[in-house]
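Work through the exercises below with the sequence and the model at hand. Each task is followed by its solution.

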Amino acid sequence: MATDFTLNGRPARFDGDPETPLLYVLRDHLGLTGTKYGCGIAQCGACTVHLDGRNRRSCVTPVSMVGGRQVTTIEGVAGKEAKAVQRAWVAIDVPQCGFCQSGQVMSAIGLLKIKKKPSDADIDAAMAGNICRCATYARIRQAIHDAAQAMEG
């Protein structure tokens with residue numbers, strides 16, 4: 001059974017088991033490896049993508065759920081929030097190993113789309129489902145604040 005959806009602004013199709021996790025479709029069938037496999041149970045956030053503009057864990061999302069919808073991966077993010085987050089991440093050297101960073105960035109962009117000036121509590125709540133084994137949480141929080149401030153000016 002084919003599932004048609006929009007991926008990073010372009011038509012995409014997966015012709016296979018509709019219960020296949022979106023993460024596997026992205027990585028194994030469509031060649032977009034920026035979205036990472038971490039835990040497989042939606043607990044670590046490494047697989048975060050945007051589904052119709054909202055954060056979604058792709059490891060537990062069956063591809064059938066995205067039929068007719070818009071999926072954005074780290075390879076396709078764009079807009080003022082994405083640019084601000086990417087610049088802030090680089091400016092304060094957020095990543096160490098980098099494995100979790102695509103999920104962290106996607107979650108941060110998702111937060112800034114709905115909350116233009118997040119507090120520490122807002123950031124902590126929005127990012128709680130994203131685990132960083134290198135524990136760069138303070139830099140992640142600061143980068144989100146910096147990105148929000150950059151979007152104001």
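**Exercise 1.** Leaving aside neighbours within four places in sequence, list the residues in contact with I144.

Solution. Contact means heavy atoms within 4.5 Å. Once the neighbours within four places in sequence are set aside, I144 touches W89, A108, L111, L112, P118, I123 and M127. The model is predicted: local features need pLDDT of at least 70, side-chain atom pairs count only at pLDDT 80 or more, and totals for chains, interfaces and linings use all residues. Residues are numbered from 1 along each chain as its sequence is written, and side-chain values use heavy atoms, with hydrogens and water left out.

**Exercise 2.** Describe the largest nonpolar core and state which elements give two or more residues to it.

Solution. A nonpolar core is a set of buried (under 20% relative accessible area, 1.4 Å probe, protein chains only) Ala, Val, Leu, Ile, Met, Phe, Trp, Tyr and Cys residues joined through side-chain atoms within 4.5 Å. The largest one has 20 residues, and V85, W89 and I144 have the most contacts inside it. Two or more residues come from each of helix 2, helix 3, helix 4 (120–127) and helix 5 (137–152); helices are DSSP runs (H or I, at least four residues), numbered from the N terminus. Helix 3 gives the largest share, six residues. A second, separate core has 13 residues, among them A12, F14, L26 and L51.

**Exercise 3.** At what angle do helix 2 and helix 3 pack?

Solution. Helix 2 (residues 80–91) and helix 3 (residues 101–114) pack at about 130 degrees, and their axes (lines fitted to C-alpha atoms over the stretch in contact; angles run from 0 to 180 degrees between N-to-C directions) are 9 Å apart. Helix 2 contributes E81, A82, V85 and W89 to the contact, and helix 3 contributes Q101, Q104, V105, A108, I109, L112 and K113.

Notes: Buried < 20%, exposed > 50% of the residue type's maximum accessible area, 1.4 Å probe, protein only.
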